Amino acid sequence: MRIKNKMMMRFFLVCISFSLISCTLVGPDYKRPEINLPNAYHQEINTDNVVTDLNMWWKLYQDPVLDELMDKALKKNLDINAAIARLEEADAYLKQIGAALIPSVDLTSQGNRTKATETGIVPSNFVKPFRKNFNIQLGTSFELDFWGRLRRAKESARAEYISSQYSKDTVVLSLQSTLASNYLLLRSIDSQILALKDNVGYRKENLELTKKRLESGLISALDLHQAEAAFNNLSAQLSDLIRQREVISNQLILLSGDMNLNIPENRLDTLVTPPIPPANMPSSLLESRPDIKEAEQIMIAANANIGVAKAALFPNIILTANFGRESAELKNVNKTGSDIWGIGLGLTLPIFDSGRAQAKVSQATAKQKQALSYYESSIQNAFKEVNNALVSLKEYTEQENDLKLTQDAAKKAMDIASNRYKAGYSSYLEYLDAQRVYNDASIAYIQKRQLRLIASVELFKSLGGGWSVKLENS
């Protein structure tokens, strides 16, 4: 038994030694390609000197309902659960590939009883017609990774696993931005509903006033019909906004995974406008985007697969060994003299396969080129998205400020027109037009604020979740 253990130990030492000296790796080593991008984004935004490090960027809106929705989505959303399952699958595959670098040991045992022929070449009078055989042994088979096939396969599997991690992060970031945008849209609709309710109240009050003035003979029926049309028109708009709110609420239910979700009404202006990014942000911030990291890992895996394919062009060497005991009687299996063992070396060398192995190398090389193009395209697309988000945020901010002034002026004009109409100095049509202008200005301001806030969400998303930059004093 000691001899067997020593032989087994020597065999494993030989396997490990071969693994350590087998340092040849066919196929190209990965080098990150150089991408020619500007050092800064095109759009510049001036801001105060700040240090901003955004890990949970949605908390900058300071809305506890939004925070709660995010927490629910990260726990219950089905897309995230599916991404986590894909990550677990990649982890298991990585472990499977890594295990191939270590010798495996199998325990086998067998017992059988056979009957020899009595009319065959060997007459039964020379042997017993019935035979029994019992054996138990340990066996192993180990591929010597001379050309790095297994190591390249592990490199590829590891890149695929990391890629799955970044894929999950991409899903999470996309979910967060979609949920935040839908939530902001819901708050915008809430604000529009409240604004319309106020204006409907104004027009209902005017309708009652118009009826009284018609009964007094101060106006014609034309004013009454105009007042009724204006009131009914706003009522129809209000009904449509209520419908839109239900649709957005259902979308938030799907995103958060909470089928019992009930979000109370609240105004859009209760949300804090998050800080804007500093000027001259370096384009190297794109490296924080999980989709770009994912694309690079896909490229690393494709690069390693070239080595796997090239290794198939070289000889495959396998060491085998088995140690055990065998006896015709079960009780004698553990006795001296029943030892059995064997050690073997196998070599497989491709001679002619009609170019099949070389074609696999060409396929792997083509996939690596595809992965490179996808990586470069991901970077260029991300750069475009950041620039678009920056310009949208800047322009929407200026438009929101202008529309706020427009709303204030329209409110003053409506109040003056109301007083003039009540005093009999102007027609109802003049007052009705002032009401319409104020209503349109109120809705336009709310919608523009919504677009500004959603642009900030898009900027967070395009930057991979935020930025971390310290501005130097000028």
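In the predicted model, the largest nonpolar core comprises 55 residues, among which Trp57, Tyr61, Leu179 and Leu252 touch the most other members. Two or more residues are given to this core by each of the elements α2 (64-76), α4, α5 (221-256), α7 (356-422) and α8 (428-462), and the largest share, 14 residues, comes from α4. For Tyr61, contacts beyond its neighbours within four places in sequence are made with Leu66, Leu271, Val272, Pro274, Leu453, Ser456, Val457 and Phe460.

Helix α4 (residues 149-215) also holds Ser156, which counts as buried because its relative accessibility is 3%, under the cut-off of 20%. When residues up to four places away in sequence are not counted, Ser156 touches Ala301, Ala304 and Asn305, and with Asn305 a polar contact of 2.9 Å is formed between the side chains.

Helix α3 (residues 78-99) has 22 residues, which should span 32 Å at 1.5 Å a residue, and this agrees with the 32 Å between its end C-alpha atoms. The buried residues of α3 are Ile80, Ala83, Leu87, Ala90, Leu94, Ile97 and Gly98; because they cover an arc of only 100 degrees around the axis, they lie on the same side of the helix. The elements covering these buried residues include α2 and α4, whereas the face turned away from the buried side carries the exposed residues Leu78, Glu88, Glu89, Lys95 and Gln96. At the start of α3, a side-chain oxygen of Asn77 comes to within 2.9 Å of the backbone nitrogen of Asp79.

Note on methods. Residues are numbered from 1 along each chain as its sequence is written. This is a predicted model: local features need pLDDT of at least 70, side-chain atom pairs count only at pLDDT 80 or more; totals for chains, interfaces and linings use all residues. Side-chain values use heavy atoms; hydrogens and water are left out. Helices (H or I, at least four residues) and strands (E, at least two) are DSSP runs, numbered from the N terminus. Buried means under 20% relative accessible area, exposed over 50%, partly exposed in between (1.4 Å probe, protein chains only). A polar contact is a pair of N or O atoms within 3.5 Å; within protein, one must be able to donate a hydrogen and the other to accept it, and residues adjacent in sequence count only if both atoms are side-chain atoms. Contact means heavy atoms within 4.5 Å. A nonpolar core is a set of buried Ala, Val, Leu, Ile, Met, Phe, Trp, Tyr and Cys residues joined through side-chain atoms within 4.5 Å. The expected span of a helix is 1.5 Å times one less than its number of residues. The arc is that of the directions from the helix axis to the C-beta atoms.
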